[in-house]
Amino acid sequence: MMPLYIALAVGAIMFGVGLYGALSQTNLVMIMMGVEVMLGGALVNLVAFWRFLHPTAYPGQTFFLIIMTVMALDMAVGFGVGTARFRARGSVEMEEARELKG
Amino acid sequence: MILQTVFIGLFGIAAIWFAVVVFRTHSMVRSALALLFSQAALGAMFLAMQAEFLGVLQIMMMATEMSIMAIFMVMFMMDPGGLGGMDMTHQKRGSQAAGVIGAFAALGVAFLAGWGSPAATVPGPQEQLRGLGLDLMERSMLIFETAGVTILAAMIAATAVALATRSATKQEGNDE
């Protein structure tokens with residue numbers, strides 16, 4: 001049981017660190033890094049549940065692939081928005097993007 | 001089992017440490033590298049949990065992703081080396097509180113829920129790959145196909161958003 005709890009604890013702490021990063025950073029790329037750390041925590045939980053609770057059922061691994069896809073999409077769209085913002089304002093500082101608020 | 005526990009713990013501590021370093025350093029390039037090491041440590045943790053395919057996939061994907069991230073950092077930032085020591089954080093106390101509460105809530109669920117007895121053995125790498133392939137092509141095929149179409153849509157959307165508009169290009173020409 002011990003390895004499962006260690007893995008879940010690592011996932012929980014990674015989630016907390018990522019949440020702090022996503023909320024505290026003002027730079028778009030750093031905010032995306034926070035989201036990546038949070039998703040990394042989710043991946044640890046998925047692999048731990050698959051390995052220690054249901055090693056013969058594979059939807060857990062499929063879900064892992066889906067989350068990895070989400071990580072790549074988050075990066076692609078985030079950098080697209082960042083490039084557009086950089087062209088328009090010369091910066092990706094989110095403190096200066098208050099006009100995006102509805 | 002003891003050796004597996006030790007390695008899971010060691011790689012887990014390394015992943016957490018590098019994740020913290022991401023938000024503590026002033027250098028953007030160091031942040032990207034710290035995130036790369038953090039995600040690679042997670043990949044090593046997956047290998048220690050006998051999920052060979054997922055571990056290797058994690059290391060390969062993250063190495064590429066973080067390299068691209070470092071390049072964008074250098075492109076977008078005035079001071080990618082962090083030599084100016086500029087602070088790029090806001091609402092620190094609120095963020096720390098949210099992070100701590102989020103982590104403790106997740107830890108509470110992890111330690112208080114009854115997960116049942118853990119499995120002692122795991123199928124070999126070949127059997128895992130076969131099972132994953134069958135799952136992707138049978139039961140989860142619709143989800144897998146949806147992910148593929150979503151990737152295509154996101155690629156087109158990201159390219160369309162990032163392309164310079166005609167008026168912006170004209171403006172740049174006038175500035176020069």
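**Figure 1. Domains of chain B in the predicted model.** Domain bounds here are those of an automatic or database domain assignment, and for chain B of this predicted model that assignment gives domain 1, covering residues 1-78, and domain 2, covering residues 124-176. Between the C-alpha centres of domain 1 of chain B and domain 2 of chain B, the computed separation is 22 Å.

Figure 2. Of the 176 residues in chain B, 28% are buried. Among the contacts in chain B that have a separation of 6 or more, 58% are made by residues 24 or more positions apart.

**Figure 3. The contact between chain A and chain B.** In this view the two chains meet through 64 residues from chain A and 69 residues from chain B. On the side of chain A that touches chain B, the elements giving two or more residues are helix 1 (2-24), helix 2 (28-52) and helix 3 (59-89) of chain A.

**Figure 4. Close-up of the side of chain A that touches chain B.** Helix 1 of chain A provides the largest share of this side, with 21 residues. Sorted by class, the side of chain A that touches chain B is made up of 45 nonpolar, 15 polar and four charged residues.

Methods:
Residues are numbered from 1 along each chain as its sequence is written. Chains are lettered from A and ligands numbered from 1 in the order in which they are written. This is a predicted model: local features need pLDDT of at least 70, side-chain atom pairs count only at pLDDT 80 or more; totals for chains, interfaces and linings use all residues. Two residues are in contact if their C-beta atoms, placed from the backbone, lie within 7 Å. Helices (H or I, at least four residues) and strands (E, at least two) are DSSP runs, numbered from the N terminus. Ala, Val, Leu, Ile, Met, Phe, Trp, Tyr, Cys and Pro count as nonpolar, Asp, Glu, Lys and Arg as charged, and the others, Gly among them, as polar. A residue is buried if 20 or more other C-beta atoms lie within 10 Å of its own, exposed if 12 or fewer, and partly exposed in between; C-beta atoms are placed from the backbone.
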